[in-house]
Amino acid sequence: MAPSRRGLGGPRATRRITTATGIAVVASLAIASSGLAMNFGPAVVLYSGGGHSWPTVDDIAAKGPVVAVAWTRQLFEQPTFLRWSRDGGATFAPKVTLDDRTGAAIDTCAGSVWAVTQDGIDGIAHLDGWRLDGAAHSHWPLAAGSHGGDVACVGNRALATAWERNVNGAVRVKLQVRTITSGNLSPATTFDLGTTNRPDELSVAATNHDIQVTWMKGRKLQLKRFDVGPGADPEVTPLPTQTVTTFVTDQAGSPLVAADASRVVLAYKYREDARVRVSENGGASFGTFHTLVDNTTGDVFIARPYSLDAFGGRIAANAESAGGDSALTQLFVSQDGVAWSKASQSPGWQAAALFGTAASPRIGEAWDNYFHYPRPDHGKIRFHEGPA
C-alpha cells in the first residue's frame, strides 16, 4: 500500500469546489501550518455502486495537487475502480474500471497513477499505469504465480513494486524497480528478498533516495532497504535484511511501512493490538512501540493497521478494529511518532494520505460504509478544512 502515503495552524483560506459528480464540498487552502488538522469537510461520493454492491476502499495516494483513490466491489465480477484528481480534490476524472481485479495498491508520480492489483481469474498480480491526462494506459503482468503486492514511487525517477511469487512450493518476496522516462517504464530489475510463510503480508515505501520493504517471515518482522543512487538511471543497491522484532506469538503481522526523508514508520498487528514504531535514522533502529488500538478491556477481537503514510514530518495511520457487534476504522495522526491524536473514525474501511507541501500539508481521507446495515454502497472522500 502507498499508502503511498499531514493539521494546520494559523490563518487559512477556504474555497467552494465542485466534484465531477456535481456534489459541492468546502476544502481549504493552507496558508500556514504549525499543527495537525482534524476537522474534515463534507463527504463527496466518488463511487456509488447501488444494489448492495459493497465497495471497499483499497488505497489512497496523493502528492502535491494529485489525489488518487481505489475501491473494489465485493460481489459478482469484483471490479476495481480508480479515480483521480489533478487539482487537490476539486474535481475528479471519470472512474477507470479493471474487471476481475481486486485489492489495488496505488501511488502517483511522474504524471501518472500506478496500481498493483490481483486478477482473480488467472491468479496473476498486475501493474498498470495511467497518464493523469488520460492520454495513455500501460499494463504489465508481473509473473506467473504472483500475488499480493504494493507499489511506491522513488521520487519521479523510478517505480518500486513488491509482490510475492510461488516458486517450487515456496512463497518468495520479490522487488522490481523500473526507471521512469517521460512517463514510460524501463525493463524491470528484479530482486529476490527470500521466502515467507505469511503470504500477502508485505508493504513497500520509498523516498527520493531509498526503498523500504517489509514482510513477515514466521514471527519475524523483516525490513530490507535499497539505496537508490542519483541520476535519471539510478543504481539500486540492496542493503542487509534487518529483523526489526521477533514476536512471541503467531498472532502478529500485517505490516505496513511508510518513509519520509530519514524517517521510517512501521505499523503492525500484535495480538488484538494495532501498533506503530518509528525510526529517525532510515530504518537502522526503531524506537519503542506505540499502541493505536489496544485490547485492555477485552472487547476487541481483531485489530490491525489499514493504511500508513508519512510526509513533511507528519504521520497518518488508520487502524481497523472489531469487537462484539461493532466494527470501525480510526484515523490517528502524529508529528513525532510518540504523541498521537485520533482524527476521525468510520464504520467501514478507511484510508488516509498526506499531501500538498511540507509547509502546508493536507489530509485526504477515503472510506466506505461496508460495516453499515443497510449499507449505503458508497465510496467517499473528504479533506480537512481547518486547524484542530
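In this predicted model, Cys109 and Cys153 form a disulfide. Their sulfur atoms lie 2.2 Å apart. The count of disulfides comes to one. The torsion about the S-S bond of Cys109 and Cys153 is about -80°, so the disulfide is left-handed. The bond links distant parts of the chain. Cys109 belongs to strand 8 (residues 101-109), Cys153 belongs to strand 12, and 44 residues separate the two. Cys109 has a relative accessible area of 4%. Because buried means under 20%, this cysteine counts as buried. Cys153 is buried too, at 3% relative accessibility.

Strand 12 (residues 146-154) also holds His147. The relative accessibility of His147 is 13%, so this histidine counts as buried. The side chain of His147 is joined to that of Asn166 by a polar contact of 3.2 Å. Residues up to four places away in sequence set aside, His147 touches Gln118, Ala125, Trp163, Glu164, Asn166, Val171, Pro199 and Asp200.

Two residues other than glycine have a positive phi. For Asn168, phi is near 50°. Asn168 sits in the loop between strand 13 (158-167) and strand 14 (170-181). Its relative accessibility is 83%, so Asn168 counts as exposed. For Arg271, phi is about 55°, again a positive value in a residue that is not a glycine. Arg271 is placed in the loop between strand 22 (263-270) and strand 23 (273-279). With a relative accessible area of 35%, Arg271 is partly exposed. The cut-offs explain this label: exposed means over 50%, buried means under 20%, and partly exposed lies in between.

Strand 23 pairs with strand 24 in the antiparallel sense over three bridges. Within this part of the sheet, Ala274 has Val293 of strand 24 as its bridge partner.

How values were computed. Residues numbered from 1 in each chain as written. Predicted model: local features only at pLDDT ≥ 70, side-chain atom pairs only at ≥ 80, totals over all residues. Heavy atoms only, no water. Helix = DSSP H or I, 4+ residues; strand = E, 2+ residues; numbered from the N terminus. Buried < 20%, exposed > 50% of the residue type's maximum accessible area, 1.4 Å probe, protein only. Polar contact = N/O pair within 3.5 Å; in protein donor to acceptor, adjacent residues only side chain to side chain. Contact = heavy atoms within 4.5 Å. Pairing = 2+ DSSP bridges. Disulfide = S-S within 2.5 Å.
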